[in-house]
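The sequence and the structure are shown first.

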Amino acid sequence: MADLAPNRAAPGYTATARVLHWITAVLVLFQIPAGLLIVSFDLGLIYNLHKSVGVVILAVLAVRLPWRLTHPAPPLPADIPAAQRAAALAMHWLLYALLVIQPLLGWIATSAYPAPVPFFGLFEMPHIWWQDRALSDALFVVHRWLGIVMAVLLVGHIGAALYHHFVRGDVVLLRMTRG
Ligand code: HEM
Ligand code: HEM
């Protein structure tokens, strides 16, 4: 980036990292409002889409997490303060953890209820827990709270990306868009 001071330039994410990030982002940004719609209106189609998309998120993470653990993120611009680097690191690993825990919880809770886990009307996913209504009820309470936690974290995550781009005018957002 010729128009940036050297300590503000930084390498971008690879195409693989960007594709995996934006697939996850689109699915999760559908998933949270879909979950809220289910509990408000009990719409069968949304119910099934929420479960199917949740299973897809889990499958994407089964590829993305091992890939990420073997491919470090590119270094941030040198002028980002240490506290902000630490906050970004904590946020990203928290999001990774929730991206695995939340769909697994939903799947276990649905299995324990027990209710079907359809995959886009094509076939049904197997139950991964035995019938236990009390456990199911408890896990759905946790599922709801983790959904809210994810929504709050994502407001911070997206807000930080927009702050970097529009207020600081650095390359942090561009690292994840054009690489
Ligand atoms: C409009 C929505 C979003 C924007 C603008 C955005 C932007 C970004 C940017 C710019 C980075 C790179 C930060 C850096 O260079 O340090 C990043 C990383 C990341 N984002 Fe997002 N993001 C969005 C949505 C999401 C969603 C919905 C999730 C999933 C819950 C998510 C999960 C992550 C994770 C886990 C990383 C860390 C990548 C890594 O270093 O391995 N993002 N995001
Ligand atoms: C990243 C993935 C997921 C996210 C972010 C997510 C998020 C949410 C949210 C925010 C709600 C609304 C909770 C409430 O207000 O009570 C919800 C409800 C629900 N989710 Fe998920 N979910 C995910 C994956 C899954 C999966 C994989 C399944 C099942 C296979 C599932 C099954 C359900 C069910 C059945 C409800 C309705 C619960 C009830 O009626 O109390 N979710 N989800």
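Helices α1, α2, α3, α4 and α5 (172-177) each contribute at least two residues to the lining of the largest pocket. The model described here is predicted.

The volume of the largest pocket is about 1,200 Å³. Sorted by class, its lining comprises 32 nonpolar, 10 polar and 4 charged residues.

The shell around ligand 1 draws two or more residues from each of α1, α2, α3, α4 and α5. There are 21 residues around ligand 1, and Y13, H21, R68, Y96 and H157 come nearest. By class, 15 residues of this shell are nonpolar, 3 are polar and 3 are charged.

Side chains of the shell approach ligand 1 through polar atoms. An N or O atom in the side chain of Y13 lies 2.8 Å from an oxygen atom of ligand 1. For Y96, a polar side-chain atom is 2.6 Å from an oxygen atom of the ligand.

Ligand 2 takes up the space of the second largest pocket. This pocket holds about 870 Å³ of space. Its lining consists of 32 residues, with G35, I38, H50, F140 and H143 nearest the centre. Helices α1, α2, α3 and α4 each provide at least two residues of that lining, and α4 gives the most, with 9 residues. The lining of the second largest pocket divides into 20 nonpolar, 9 polar and 3 charged residues.

Around ligand 2 there are 23 residues, of which G35, H50, P103, H143 and R144 come nearest. At least two residues of this shell come from each of α1 (15-41), α2 (44-70), α3 (82-112) and α4 (133-168). The shell around ligand 2 contains 12 nonpolar, 9 polar and 2 charged residues.

| Residue | Atom of ligand 2 | Distance |
|---|---|---|
| H50 | nitrogen | 2.8 Å |
| H143 | nitrogen | 2.8 Å |
| R144 | oxygen | 3.0 Å |

H50 and H143 are also among the residues nearest the centre of the second largest pocket.

## A residue of helix α4

One further residue, V149, belongs to helix α4. Is V149 buried, partly exposed or exposed? Its relative accessibility is 37%, so V149 counts as partly exposed, since this class lies between the limits of 20% and 50%. V149 and L95 are separated by 54 residues in sequence, and their C-alpha atoms are 10.0 Å apart in space.

## Summary

Notes. Residues numbered from 1 in each chain as written. Chains lettered and ligands numbered in written order. Predicted model: local features only at pLDDT ≥ 70, side-chain atom pairs only at ≥ 80, totals over all residues. Heavy atoms only, no water. Near = heavy atom within 4 Å. Polar contact = N/O pair within 3.5 Å; in protein donor to acceptor, adjacent residues only side chain to side chain. 1 Å grid on protein atoms, 1.4 Å probe; cavity = no way out; pocket = protein on both sides within 12 Å on 5 of 7 lines; lining within 4 Å. Sits in = over half its atoms within 2 Å of the grid points. Helix = DSSP H or I, 4+ residues; strand = E, 2+ residues; numbered from the N terminus. Nonpolar A, V, L, I, M, F, W, Y, C, P; charged D, E, K, R; others polar. Points joined across faces, edges and corners; volume = space filled by probe spheres on them. Buried < 20%, exposed > 50% of the residue type's maximum accessible area, 1.4 Å probe, protein only.
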